[in-house]
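Here is a short report on one protein chain. Take a look at the sequence and the structure first, then read on.

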Amino acid sequence: MNPIPLWLAALADAAETMTVPGPMRPPANGGRESAVLILFGVGHKGPDLLLIQRSAGLRRHAGQPAFPGGRIEPTDASVEAAALREAEEETGVVPAGVDVVGRLPELYLSFSDFRVAPVLGWWREPSEVRPTDLGEVAAVSRVPVADLADPANRVMVRYGGGTRWGPGFRVDGMLVWGFTGAIIDSLLTMGGWELPWRHEGLTDVFEATPQGLRPVG
């Protein structure tokens, strides 16, 4: 048994009062309810996070790194149950080995009109993970928090046709940006892991279309 570490308990407490940026605040009405699992474990480099990379053929967020998650179904007993179910379906995570420790405030993903409940989890008994829904997931990674905090791996990412930008991370062969990048940026701050880094060197994000490359967003 691996009890919830003190650093994660402190992070869960801080998450309850996290400041939500204006563009990520849910509207008063509408939006499709969904949940993601922010799953912390401990590997050879210390705390790590479970991330997936979406398949390239998806209609929304194709090829983009993300936390495992998806829509809340009527059969889900709770938001937490939905997050665990989606993680199991996408990565093979065994829910019985995960302890839910809290939630971040509800966030809004305007591009796909999702209201997202981010669920914090502790990987008490890590299980083997891999892409188990190949239609949606291309890769699964356990990314060390130390790599995410390393200033050498941090960039600013421009998207939305050059009208928006936010924090990004070059880790494990992925560029993590957008909604997921913003959450990780907040987690690093709340967890006391953030290191000074240069907020410059914009990286543009594009996607492939039949007409060629176009800006994402």
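Two residues are in contact when heavy atoms of theirs lie within 4.5 Å. By that rule, arginine 85 touches Arg71, Glu73 and Asp76, leaving aside residues up to four places away in sequence. Keep in mind that this is a predicted model.

**The whole chain**

The chain has 217 residues, and 48% of them count as buried. Its secondary structure comes to four helices and 14 strands. Among contacts with a separation of 6 or more, 65% are between residues 24 or more positions apart. The accessible surface of the chain is about 10500 Å². Carbon and sulfur atoms make up 53% of that surface.

**Helix 2**

Helix 2 covers residues 79-91. How far apart are its end C-alpha atoms? They are 18 Å apart.

Is helix 2 largely enclosed or largely open? Of its 13 residues, 10 are buried, so the rest of the structure largely encloses it. The buried residues are Val79, Glu80, Ala82, Ala83, Leu84, Arg85, Glu86, Ala87, Glu90 and Thr91.

| Strand covering buried residues of helix 2 | Residues |
|---|---|
| strand 1 | 32-43 |
| strand 2 | 46-54 |
| strand 4 | 69-71 |
| strand 5 | 98-103 |
| strand 7 | 114-123 |
| strand 8 | 137-144 |

Just after helix 2 comes glycine 92. Glycine 92 takes a positive phi of about 85°.

Arginine 85 sits in helix 2. Buried means under 20% relative accessible area. Arginine 85 has 19% relative accessibility, so it counts as buried.

Arginine 32 lies in strand 1. Is arginine 32 buried or partly exposed? At 24% relative accessibility, arginine 32 counts as partly exposed. Its side chain reaches the backbone oxygen of serine 112 at 2.6 Å.

Key: Residues numbered from 1 in each chain as written. Predicted model: local features only at pLDDT ≥ 70, side-chain atom pairs only at ≥ 80, totals over all residues. Heavy atoms only, no water. Helix = DSSP H or I, 4+ residues; strand = E, 2+ residues; numbered from the N terminus. Buried < 20%, exposed > 50% of the residue type's maximum accessible area, 1.4 Å probe, protein only. Areas by Shrake-Rupley, 256 points an atom, 1.4 Å probe, with all protein chains shown as cover. Expected span 1.5 Å × (residues − 1). Polar contact = N/O pair within 3.5 Å; in protein donor to acceptor, adjacent residues only side chain to side chain.
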